[in-house]
Amino acid sequence: MAEQKSPPSEMIRVPVPLIGIVRQLSKLHRQGHTIALLQALEELVATFDSNIDIDLAGSKQVLQLQEKLEELESHLADRDKSVETKLEAMSKKLELIERAILSTRYNSQPKQRRQSYPYQQTQVELQPRTNESLAPRLGVTPQSLIAEREKLSSKEFLSYTRNRDPMSVGWEWNPSDGLYHPRR
């Protein structure tokens with residue numbers, strides 16, 4: 001049967017008043033009295049544990065910890081109330097915004113226009129124009145207007161001028177008189 005070896009010793013820090021006792025315990029351990037030594041230590045610790053009645057409730061540190069915990073609890077409760085109040089305010093504001101959006105949707109539907117004048121307004125009849133007078137109306141130069149007219153078909157040029165004209169009027173080139181004529 002193989003002998004059981006004890007584990008190697010570990011270094012531990014010991015309070016100064018106990019150094020002598022620990023040395024004696026170590027000496028007993030090295031002499032082989034380990035089991036008896038451990039039993040005696042267990043009995044000694046058990047007597048200390050059963051005789052000591054620690055009153056933590058009256059300790060200054062425990063009282064300070066209790067105060068800190070109470071402060072923390074009240075702070076967290078106040079913060080929760082503050083967050084709750086802010087959330088309520090935000091939800092009320094969102095509700096107002098939603099109402100405003102909905103009301104603008106209903107109010108922005110097209111309504112019939114009323115004429116501000118009781119009489120019928122007459123349409124202004126557009127006169128034929130030259131390159132120089134039509135180009136500013138379309139927002140182009142006379143040279144670019146001529147280039148577009150020569151590049152595009154008559155249908156495409158009519159669409160081009162209608163898209164550029166402020167009143168969406170299409171203009172058609174008449175080579176016989178050299179003028180652009182309006183086409184509605």
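## A nonpolar patch on the surface

On the surface of this protein, Leu18, Ile21 and Val22 form a nonpolar patch, and together these residues have about 230 Å² of accessible area. The model is a predicted one, and the values given here are computed from it. Leu18 belongs to the segment that comes before helix H1, which covers residues 19-30.

## Overall layout

The protein contains six helices and two strands, and, read from the N terminus on, its elements follow the order α-α-α-α-α-α-β-β. Of the 184 residues in the protein, 11% are buried.

## The largest nonpolar core

In soluble globular proteins, nonpolar side chains tend to be buried together. Here the largest nonpolar core has 11 residues, namely Leu126, Leu134, Ala135, Leu138, Val140, Leu145, Phe157, Tyr160, Val169, Trp171 and Tyr180. At least two residues of this core come from helix H4 (131-138), and at least two come from helix H6 (154-164). The most is given by H4, which contributes three residues to this core.

Methods
Residues are numbered from 1 along each chain as its sequence is written. This is a predicted model: local features need pLDDT of at least 70, side-chain atom pairs count only at pLDDT 80 or more; totals for chains, interfaces and linings use all residues. Side-chain values use heavy atoms; hydrogens and water are left out. A nonpolar core is a set of buried Ala, Val, Leu, Ile, Met, Phe, Trp, Tyr and Cys residues joined through side-chain atoms within 4.5 Å. Buried means under 20% relative accessible area, exposed over 50%, partly exposed in between (1.4 Å probe, protein chains only). Helices (H or I, at least four residues) and strands (E, at least two) are DSSP runs, numbered from the N terminus. Patches are made of residues with over 30% relative accessible area and no salt bridge: like charges are joined within 9 Å, nonpolar side chains (Val, Leu, Ile, Met, Phe, Trp, Tyr) within 5 Å. Accessible areas come from the Shrake-Rupley method with a 1.4 Å probe; for residues, only the protein chains shown count as cover. A salt bridge is a side-chain nitrogen of Lys or Arg within 4 Å of a carboxyl oxygen of Asp or Glu.
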